[in-house]
Amino acid sequence: MIEIRDVTKSYGSSAVVDRVSMTLPAGGLTSIIGPNGAGKSTLLSIVSRLMPMDGGQVLVDGLDVSTTAGDVLARRLSIMRQDNHITARLSVRDLVSFGRYPYSKGRLTADDVEHIARSITYVGLGAFEHRFLDELSGGQRQRAFIAMVLCQDTDYMLFDEPLNNLDMKHAVETMKLLRRLADDFGKTVVVVLHDINFASTYSDRIVAMRDGRLAFEGTPEDMIEPARLQAIFDVDCRVHAVGDTRLVNYFE
Amino acid sequence: MATSRPRKAIHRSTGARKDRTMKSLLIAVPVILLLAVVSVLTGVGSLASGLDGGRGWLLIVESRVPRTLALMLAGTGLAVAGTIMQMLARNRFVEPSTAGTAESAALGMLMTMIFAPTLPVAGKMAVAALTALAGTALFLKILRQIPLRSVLMVPLVGIMLGGVISAVTTFVAYRYDMMQSMGTWMSGDFSGVLRGRYELLWIAFALTLIAYVTAARFTVIGMGEDIARNVGLDYNKVVTLGLCIVSMVTATVVATVGMVPFLGLIVPNIISLVVGDNLRRTLPLIAATGAGLVLACDIVGRMIIAPYEIPVGTVMGVIGSVVFLYLLLSRRTHAS
């Protein structure tokens, strides 16, 4: 369980995250949605201790992220950011192997090697494991970073806009992969998403933020509803039920 | 999986990188040993006059071998320092001579010459290491303030910072009539190396070993602050360790033989292109190549206008600037 209590972060006089409190239960896939500048990515960075908070507290299974040792937390919670520009020129295998760093500090055990091979196969990059990252397409690179998070094998996995810059095929593949992390491995997956229809189709829970505050939270059935979406995004839209999923038409 | 082919497949082979690194190392080591032998045999004095205790033997023990060792130690240290610097600054085009490190070390040396001229060389070196540390830390601090970090902006900032520090040093050196000393610090010259005058360079070698033991950490740093924190690395601690290694290596080299520019830039870049940047694996190759390149440049410098010499720093400056330009112009996707 991730408990977020009164978390605040401001730049100058404007609060980007404004006294947000919520509880993310263990298991399942939670999407965080909201307009640009709502504070979604900032909140995710704070939860994963990449960014210090100005006030409040975040507990991951009772561990305070501000005070818990880095490597202890790294075995509980991992995050994949959106801009993964890395200077070091690494092969897919090298990159994924650093997911084991919290456990082995760079000296890989037989167990680590097995984790690495399994993660690479799981994201379908087996044939590319010796390629350098700069020799891969955008979709493949994205999957390599997901494999690294997978290899880190934490109970909580956070993804900040993982579908950015992906075409339809790769976006769907990535989303299915995240869904399987929750279904097959019982991971708690938290994803910041821009595409409301991906959120509707793949989430167990949706959290909506606006102006740095928590606006609404609930199941896709509660959340994907014209009045709520209007309140979150300021956009008129219609909701269509297609089979079990609700799709939002905000184009016209 | 039917994904689009990458634009530029530099290595089509999917053979293990580990093998490639081992192979490269197996080629590099004999080449370096050969260069070392050539280096020992190169010189004005004749070795023929009795190797058993005669003048030739004296020449080898007192001058030739120390010089060759000094070259290898300095080359190893600077190549590794350059690599670490590039991971810390997250930029391919920095090294101690494009980040203000060498200039700061020279400033430190000048200060000791003025205020504590009787200090032994080791003491002077320690002061130079401190000023180098301060200068490099300042460089990284400035980098953090630049919001949009373009690839070329980073070395430019470093060269400008170095220029400012160098101007201060020159001004002071001019006032105290020490311009000549300054020249010896900033331009690597191994012609004065004798037994008893280069041994401090073993400190640089010890630091290289420390860098090897902690190599994985620097690779993680090169993956960026977010990823480093994500896998639980104490980011600031590792950056501090890296800064200390880079500053001390630079200071030992500046204090003993003088700065060899561009070395820390060329070697890591070439090795990165061939075998990548997983430092735990590639650092021995980087160290070996650094030693080999300095040896080669020194041999060339001794042969071109024999019996006179061109300092290795000058030879490296010429070769280095050409390779630097090549790297800038043929920038691969990974550098941008």
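The following questions and answers concern a predicted model.

Student: Which strands are the edge strands of the open sheet in chain A?

Tutor: The open sheet has 4 strands in the order E2-E1-E4-E5, with antiparallel pairing. An edge strand pairs on one side only. The edge strands of chain A are therefore strand E2 (14-24) and strand E5 (63-64).

Student: Which residue in E2(A) is the bridge partner of Ile4(A)?

Tutor: Strand E1 (residues 2-11) of chain A is joined to E2(A) by 7 bridges, and the two run antiparallel. In E2(A), the partner of Ile4(A) is Met22(A).

Student: At about what angle to E1(A) does helix H1 of chain A run?

Tutor: Helix H1 (residues 40-47) of chain A lies across E1, E2 and strand E4 (55-60) of that chain. Relative to E1(A), the helix runs at about 120°.

Student: Are H2(B) and H11(B) roughly parallel or roughly perpendicular to each other?

Tutor: Two packed helices are described by the angle and the distance between their axes. For helix H2 (residues 55-89) and helix H11 (residues 263-275) of chain B, the axes are 7 Å apart and the angle is about 70°. Angles of 65 to 115 degrees count as roughly perpendicular. H2(B) and H11(B) are therefore roughly perpendicular.

Student: How many charged residues are in the contact of H2(B) with H11(B)?

Tutor: Residues of H2(B), including Gly75(B) and Leu78(B), meet residues of H11(B), among them Leu263(B) and Pro268(B). This contact of H2(B) with H11(B) has 8 nonpolar residues, 5 polar and, as for charged ones, none.

Student: How many polar residues has the side of chain A that touches chain B?

Tutor: In the contact between the chains, 33 residues of chain A meet 37 residues of chain B. By class, the side of chain A has 12 nonpolar and 8 charged residues, and its polar residues number 13.

Definitions and conventions. Residues are numbered from 1 along each chain as its sequence is written. Chains are lettered from A and ligands numbered from 1 in the order in which they are written. This is a predicted model: local features need pLDDT of at least 70, side-chain atom pairs count only at pLDDT 80 or more; totals for chains, interfaces and linings use all residues. Axes are lines fitted to C-alpha atoms, for helices over the stretch in contact, and angles run from 0 to 180 degrees between N-to-C directions. Angles under 35 degrees count as roughly parallel, over 145 as roughly antiparallel, 65 to 115 as roughly perpendicular and the rest as oblique. Two residues are in contact if their C-beta atoms, placed from the backbone, lie within 7 Å. Ala, Val, Leu, Ile, Met, Phe, Trp, Tyr, Cys and Pro count as nonpolar, Asp, Glu, Lys and Arg as charged, and the others, Gly among them, as polar.
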